[in-house]
Amino acid sequence: MSKLQSEALREAIGLIKAEAEKKQRKFTETIELQIGLKNYDPQKDKRFSGAVKLPHIPRPKMKVCMLGDAQHVEEAEKIGLDYMDVEGLKKLNKNKKLVKKLAKKYHAFLASEAVIKQIPRLLGPGLNKAGKFPTLVTHQEPLEGKVNETKSTVKFQLKKVLCMGVAVGNCSMDDKQLFQNIQLSVNFLVSLLKKNWQNVRCLYLKSTMGKPQRIF
């Protein structure tokens, strides 16, 4: 049973959007869900990680790069997606600094089947360390669909601290879309926790430049 009050959530969304309207920025503000946990020991308890696909893309401008074979490189070119082929990856020469720079430049990576197997050999553990190991794309699925799926997927991963934040929307979305995204994210996160709602200390929503609004 979700303990998230719909009213409180609607109110918080309204306040965030009103504030963003009042002070318009030159970019679309991202709305982040900030989570504080309790009764959890990251040292002893199992650190969870999970990803959920949201109904609406939270960050349309998220940068994705295709590490592709010839066919995928061609497809990426057609849809204006950044890409690198195996030759390009070889040129990085497993240089840690260059791999780190690549990982920093993009939010996420996709890779063809032929390329994904070679990534540890070509790049070393750099992408994995950054939590950005590529997602597999087969030739049976349209690349554009996979890009959108990647953009609408949010990851929850507990590291050493008891707080985390994920992008769940942006200020150009309407209230209903935000509501659906946030509700799904929260319920999914709670399902990952050992004692569900008993592990949640607080939940806040915050736009890039706005004040945090507590929703739980």
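Guide: Lysine 151 is buried, yet it has no salt bridge. The nearest side chain of opposite charge belongs to glutamate 144. That side chain is 8.3 Å away. A salt bridge needs the nitrogen within 4 Å of a carboxyl oxygen. What does lie by the side chain of lysine 151 is a backbone oxygen, that of proline 60. A polar atom of the lysine 151 side chain sits 3.0 Å from this oxygen. Lysine 151 itself is placed in helix α8, which covers residues 143–151. This is a predicted model, so every distance here is computed from predicted coordinates.

Stay in helix α8 for a contrast. Lysine 146 is also buried, with a relative accessible area of 11%. Lysine 146 does form a salt bridge with glutamate 149, at 3.8 Å from N to O. Both residues lie in helix α8, 3 residues apart, about one turn of the helix. Glutamate 149 is partly exposed, at 32% relative accessible area. Salt bridges with shared partners join Glu141, Lys146 and Glu149 into one network. The link between lysine 146 and glutamate 141 is a salt bridge of 3.9 Å, N to O. Glutamate 141 is partly exposed, with a relative accessible area of 24%.

Now the wider count. The model has 8 salt bridges. One of them pairs lysine 90 with glutamate 87. Their closest N and O atoms are 3.7 Å apart. The two residues are 3 apart in helix α3 (residues 86–91), so about one helical turn separates them. Lysine 90 is partly exposed, with a relative accessible area of 45%. Glutamate 87 is partly exposed too, at 47%.

Last, the lysines of the surface patch. Lys96, Lys100, Lys104 and Lys129 form a positive surface patch. Patch members have no salt bridge and over 30% relative accessible area. Helix α4, residues 96–105, gives the most to this patch, with 3 residues. Lysine 129 comes from elsewhere: helix α7, residues 126–129. Lysine 129 is exposed, with a relative accessible area of 68%.

Note on methods: Residues numbered from 1 in each chain as written. Predicted model: local features only at pLDDT ≥ 70, side-chain atom pairs only at ≥ 80, totals over all residues. Heavy atoms only, no water. Patch = residues over 30% accessible without salt bridge, like charges linked within 9 Å, V, L, I, M, F, W, Y side chains within 5 Å. Areas by Shrake-Rupley, 256 points an atom, 1.4 Å probe, with all protein chains shown as cover. Lys, Arg positive; Asp, Glu negative; His and termini not counted. Charge placed at Lys NZ, Arg CZ, Asp CG, Glu CD. Helix = DSSP H or I, 4+ residues; strand = E, 2+ residues; numbered from the N terminus. Buried < 20%, exposed > 50% of the residue type's maximum accessible area, 1.4 Å probe, protein only. Polar contact = N/O pair within 3.5 Å; in protein donor to acceptor, adjacent residues only side chain to side chain.
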